[in-house]
Amino acid sequence: MMKASIAVLAVAASFAAAAEEASEPATASPGKFSAEVSVDVLSDYIWRGKICNGNPVWQPSATLTYEYGDFGKVSANVWASMDLTHRRGTMNASRHACGIQELDYTLAYANSFGPVDVEIGHIWYSFPYGNGRSTEELYGTVAYNNPIATPSLTVYWDYLDTAGNDVSAVYATFALSRDFEPVEKLTVTPSAALSFADHAYTGSSGGAEASDLTLGVAASYAVTEWLSLGAQLNYTWTPSRTLRNEGYMGEGEHQIVWGGVNATLSF
């Protein structure tokens, strides 16, 4: 009887301890900072189907991210496009601002809900050679992760432009991508993106219409835990109606094959 009583008391004590532990509020793990620095060297600067620079460029980028578990993460990014030659290959052929063609700042919030990734953010585009001209956008992205391929939709709204352009400009991209790992540390990602834009963006008199199509493949090799090297090759098609406001593009349908290499450091 004594042994049975001791056993019962031991079991009761263990249940009491478990109940007390369960009743204590869970302590959230502290957030953490991470940083990423990268540089792309590209044959051309192609942006949303437009040739912003028809000559080689290098595009450095730096991102600081604060992640707080289930609450998602906030990131701040600075990105630039800089000339590698003395000519820009556009209507503005001379070199300005020490070769800096564009300087952008992005603030974003992202979170995951099961297989669905959501991101919203704000982008401020500035152009050092353009007499202080700038434009600002809000954007939102939704992506569905699955074993077959990842579809995504990103919508941009250009709501403020110091050049006085229509601030109702909307641009949307439907994309599909898939990561493959043919060998250890090597990731290959084929992708396709079809974009649409409203008349304020394309300069046409109609409503929303196809803006551009890009097919591409990118590869990244993890040299170390913090260094990766990569390359990309893309084909972009743009119908003539999206080029009417771009004097350096001229008229007519445009097709271009472009790409380059990159290096990324993660901390």
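**A surface patch and a buried salt bridge**

Val74, Leu107, Tyr109 and Ile120 make up a nonpolar patch on the surface, with about 360 Å² of accessible area together. Patches of this kind take residues with over 30% relative accessible area and no salt bridge, nonpolar side chains (Val, Leu, Ile, Met, Phe, Trp, Tyr) being joined within 5 Å and like charges within 9 Å; areas come from the Shrake-Rupley method with a 1.4 Å probe, and for residues only the protein chains shown count as cover. Leu107, found in strand S6 (residues 100–113), is exposed at a relative accessible area of 52% (exposed means over 50%, buried under 20%, partly exposed in between).

The model is predicted, so local features need pLDDT of at least 70 and side-chain atom pairs 80 or more, while totals for chains, interfaces and linings use all residues. Residues are numbered from 1 along each chain as its sequence is written, and side-chain values use heavy atoms, without hydrogens or water.

As for the whole protein, there are two helices and 15 strands (DSSP runs, H or I of at least four residues and E of at least two, numbered from the N terminus). Of its 267 residues, 31% count as buried.

The count of salt bridges comes to one (a side-chain nitrogen of Lys or Arg within 4 Å of a carboxyl oxygen of Asp or Glu). Glu137 pairs with Arg48, the closest N and O atoms being 2.9 Å apart. Glu137 sits in strand S8 (residues 134–144) and Arg48 in the loop between strands S2 (45–47) and S3 (50–53), so the pair ties together parts 89 residues apart in sequence. Glu137 is buried, at 4% relative accessibility, and Arg48 is buried at 11%.

Terms used:
Buried means under 20% relative accessible area, exposed over 50%, partly exposed in between (1.4 Å probe, protein chains only).
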